[in-house]
Protein chains: 2
Amino acid sequence: MEADRIPHHPDVRTITLQRVLDAIVDPVRRSIVTQLYGASGDIACGGFDLPVSKSTATHHFRTLREAGLIRQYYAGTSRMNALRRDEIDEVFPGLLAAVVTADRGSRETANPPEPTGQGLSAAGSG
Amino acid sequence: MEADRIPHHPDVRTITLQRVLDAIVDPVRRSIVTQLYGASGDIACGGFDLPVSKSTATHHFRTLREAGLIRQYYAGTSRMNALRRDEIDEVFPGLLAAVVTADRGSRETANPPEPTGQGLSAAGSG
DNA sequence: ATCAAAGTACGACCGTCGTCAAACTTTGAT
DNA sequence: ATCAAAGTTTGACGACGGTCGTACTTTGAT
């Protein structure tokens with residue numbers, strides 16, 4: 001049956017700052033949020049670049065959903081993820097934008113991918 | 001000796017988003033930040049309203065300091081705490097403001113002090 | 001009907017973190 | 001010199017959470 005295929009999503013009024021922070025404090029989950037924030041549309045669970053196993057990823061998506069940060073729905077066998085951007089911004093103005101902006105900046109300087117190479121292509125940092 | 005009385009403070013350039021979020025995700029520490037944000041000046045460790053023991057408070061202040069969120073200095077036997085507001089806003093624009101704003105709103109609706117009687121009288125329970 | 005793909009659910013493991021009490025240090029007042 | 005106030009340090013404890021592998025479910029294609 002497809003009963004539990006419609007997971008529970010918290011109402012926007014029941015979203016708490018504590019849960020939102022608990023969600024985005026994890027680097028994997030924050031990466032998911034950042035990827036969704038910059039994407040043009042929704043993304044399937046398998047469409048993210050994540051350094052964890054599938055079962056762990058499921059755990060993270062569930063945490064994000066229960067915190068109220070994402071909305072999940074099925075499309076075939078794929079589970080799509082949508083960022084609840086406007087709703088979050090309604091209850092916590094500026095929070096998501098500030099975190100995503102900070103996160104993007106952090107990833108620039110955090111993953112120095114061994115510039116051993118001679119690649120001059122787009123080495124622009126700044 | 002007063003050597004270790006000058007605790008280490010990270011340079012603003014070494015402040016990371018991960019540490020900042022790890023710091024403010026804890027409700028006690030976030031409360032400290034919020035109180036500092038709304039204060040007119042610096043506050044001694046003992047000047048905060050915190051629901052934990054002194055040793056635990058020390059631990060939280062240290063975490064905040066090492067994350068780069070506060071600056072600590074002595075004034076007699078009291079250790080003063082200053083929010084590194086401008087510096088944080090420089091590296092993570094809007095983050096502190098968004099979190100503090102959200103936190104204030106949360107505390108409003110988080111401690112419903114038994115609104116049983118819609119009385120205008122402050123039902124002080126403490 | 002069969003099979004592969006995409007996720008989920010369930011335990012288990014283990015490190016981290018928040019918590020406290022007790023002992024200690026430094027400072028300032030008497 | 002003595003004492004109190006303000007924090008710190010240390011060690012211990014317990015809970016929570018991120019991780020994985022395995023088994024399972026649902027869907028869509030053959």
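**The surface near the DNA**

Mentor: The surface near DNA strand D is made up of six nonpolar, 12 polar and six charged residues (Ala, Val, Leu, Ile, Met, Phe, Trp, Tyr, Cys and Pro count as nonpolar, Asp, Glu, Lys and Arg as charged, and the others, Gly among them, as polar). This is a predicted model, in which local features need pLDDT of at least 70 and side-chain atom pairs count only at pLDDT 80 or more, while totals for chains, interfaces and linings use all residues. Residues are numbered from 1 along each chain as its sequence is written, and chains are lettered from A and ligands numbered from 1 in the order in which they are written.

Of the 24 residues around DNA strand D, those that come nearest are A:Ser55, B:Cys45, B:Gly46, B:Ser55 and B:Thr58 (a residue is near a strand if its C-beta atom, placed from the backbone, lies within 6 Å of it). Two or more residues of this surface come from each of helix 3 (54-67) of chain A, helix 3 (54-67) of chain B and strand 3 (78-83) of chain B (helices, H or I with at least four residues, and strands, E with at least two, are DSSP runs numbered from the N terminus).

Around DNA strand C there are 24 residues, of which A:Cys45, A:Gly46, A:Ser55, A:Thr58 and B:Ser55 come nearest. Here at least two residues each are supplied by helix 3 and strand 3 (78-83) of chain A and by helix 3 of chain B. The classes around DNA strand C are six nonpolar, 12 polar and six charged residues.

Let us now look at what lies against helix 3 in chain B. The axes of helix 2 (residues 27-38) and helix 3 of chain B come within 10 Å and cross at roughly 65° (axes are lines fitted to C-alpha atoms, for helices over the stretch in contact, and angles run from 0 to 180 degrees between N-to-C directions). That angle makes helix 2 of chain B roughly perpendicular to helix 3 of chain B (under 35 degrees counts as roughly parallel, over 145 as roughly antiparallel, 65 to 115 as roughly perpendicular and the rest as oblique). Where these two helices meet, B:Val28, B:Arg29 and B:Ile32 of helix 2 face B:His60, B:Thr63 and B:Leu64 of helix 3 (residues are in contact if their C-beta atoms, placed from the backbone, lie within 7 Å). By class, this contact in chain B holds three nonpolar, two polar and one charged residues.

Strand 2 and strand 3 of chain B are joined by six bridges, and B:Met80 in strand 3 is the bridge partner of B:Tyr73.

A:Tyr73 has A:Met80 of strand 3 as its bridge partner. These two strands of chain A form a hairpin with two residues between them, and A:Gly76 in the turn has a positive phi of about 70°.

Key: Pairing = 2+ DSSP bridges.
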